[in-house]
Amino acid sequence: MNSAAFPHVRPRRLRFNPLVRDMVRETALDVRDFILPLFVRPGSGIRNEISSMPGNFQLSVDRLIDEVGAAKDLGIRGFILFGIPTFKDATGSSALQDDGIVQQALRALKQTFKNEVVLLTDECFCEYTDHGHCGPLCEVQGRMDVDNDATLEILAKQCVSHAMAGADIVAPSGMMDGMVQAIRAGLDEAGFEQIPIMSYAAKYASGFYGPFREAAESPPQFGDRGSYQMDPANGDEAEREVELDLAEGADFIMVKPALSYLDIIRRVKQRFHVPVAAYNVSGEYAMVKAAGAKGWIDERRVTLEILTSIKRAGADLILTYHCRDAAKWLKQG
Ligand code: PBG
């Protein structure tokens, strides 16, 4: 090693000429890796900006179509839909309606854009339950908690309903044990063997979801999600979750949030060699937007740096609210 050290070796040589620097760059962002989260609500002509997520909106189906059209023109192909339903109840039954809000949105988007877009659906009940938890509740040792196995049954139904309406990929986010297996069985039984599952396999109980809960109107009405989402302190457990989900038939693995969990993205990619998606969540977005608006950071530079770091860590796909800006900046070069 000594003979190959300074002054023979000068790493700065590769940084001197900007074109050479370009040649040796290891990671490149590509708009095809982006997935844009969108929030759809009943009504028409609605485009309500989410105050903590500037540039993102709750949209009625007609305006959703405009939004997807505009994003598509920027090269974005992947969209994940979240629904704000007309009513909420204890079991989240509005999630299963054939004419539910996400189902309506899927049909309208498929009719308009055919196979030029990839439509993903978040599969969970927190937006549909009146208590805001990710499935129906039951009492466990004197405490109310999400009923895991009862949730599995309706999760499979929700996925089938979304597949029937046009979903290309289903993405369960509730962190229920056995969710991938239950969904795979439900989809296959309904003839949807070809629909992939993107499992939110390593999803942490995170403070970074704050703005999303305003966007999706889904905060838990009591307690928190600590009994189903993962403890931010755990890494080995993430590998275990991923291993189980792959054994149950997951096609993609998601790690969420992204930025405080780059080590988890790296571990998952290195160990399992499967497509990995990272969710650059609402709070991560809000911090950049807020500091950018105050002039404390250069928003463009920081955003591209963050997205590059997520990809460098090992993510193949990035779900991010920065999609549109990033796509524009990448086009400008
Ligand atoms: C649950 C879900 C959440 C997010 C995506 N799916 C919220 C939660 O678990 O509380 C958060 C996404 C974000 O913060 O951008 N359906």
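Which side chains meet in a salt bridge with N to O at 3.3 Å? The side chains of Asp145 and Arg143 do. This is a predicted model, and every distance below is computed from its atoms.

Stay with that pair for a moment. Asp145 has a relative accessibility of 15%. Buried means under 20%, so Asp145 counts as buried. Its partner in the salt bridge is Arg143.

Now turn to another pair. Asp98 and Arg107 also join their side chains in a salt bridge, with 2.9 Å from N to O. Here the surroundings can be read from both partners. Asp98 has a relative accessible area of 46%, so it is partly exposed. Arg107 is partly exposed too, because its relative accessible area is 33%. Both values fall between the 20% and 50% cut-offs.

A further bridge links Arg271 to Glu243. Their closest N and O atoms are 3.3 Å apart. Why do such pairs form? Side chains of opposite charge can pair when their charged atoms come close. Across the model, the count comes to 20 salt bridges.

Next, the ligand. Where does it sit? Around the ligand are 18 residues. Lys203, Arg213, Lys256, Ser282 and Tyr321 come nearest. The shell divides into 9 nonpolar, 3 polar and 6 charged residues.

In Lys203, a side-chain N or O atom is 2.7 Å from an oxygen atom of the ligand. Ser282 places a polar side-chain atom 2.7 Å from a ligand oxygen. Lys256 faces a nitrogen atom of the ligand instead, with a polar side-chain atom 3.2 Å away. How much of the ligand does the protein bury? Taken alone, the ligand exposes 400 Å², and the protein buries 100% of that.

Conventions. Residues numbered from 1 in each chain as written. Predicted model: local features only at pLDDT ≥ 70, side-chain atom pairs only at ≥ 80, totals over all residues. Heavy atoms only, no water. Near = heavy atom within 4 Å. Polar contact = N/O pair within 3.5 Å; in protein donor to acceptor, adjacent residues only side chain to side chain. Areas by Shrake-Rupley, 256 points an atom, 1.4 Å probe, with all protein chains shown as cover. Nonpolar A, V, L, I, M, F, W, Y, C, P; charged D, E, K, R; others polar. Salt bridge = Lys/Arg side-chain N within 4 Å of Asp/Glu carboxyl O. Buried < 20%, exposed > 50% of the residue type's maximum accessible area, 1.4 Å probe, protein only.
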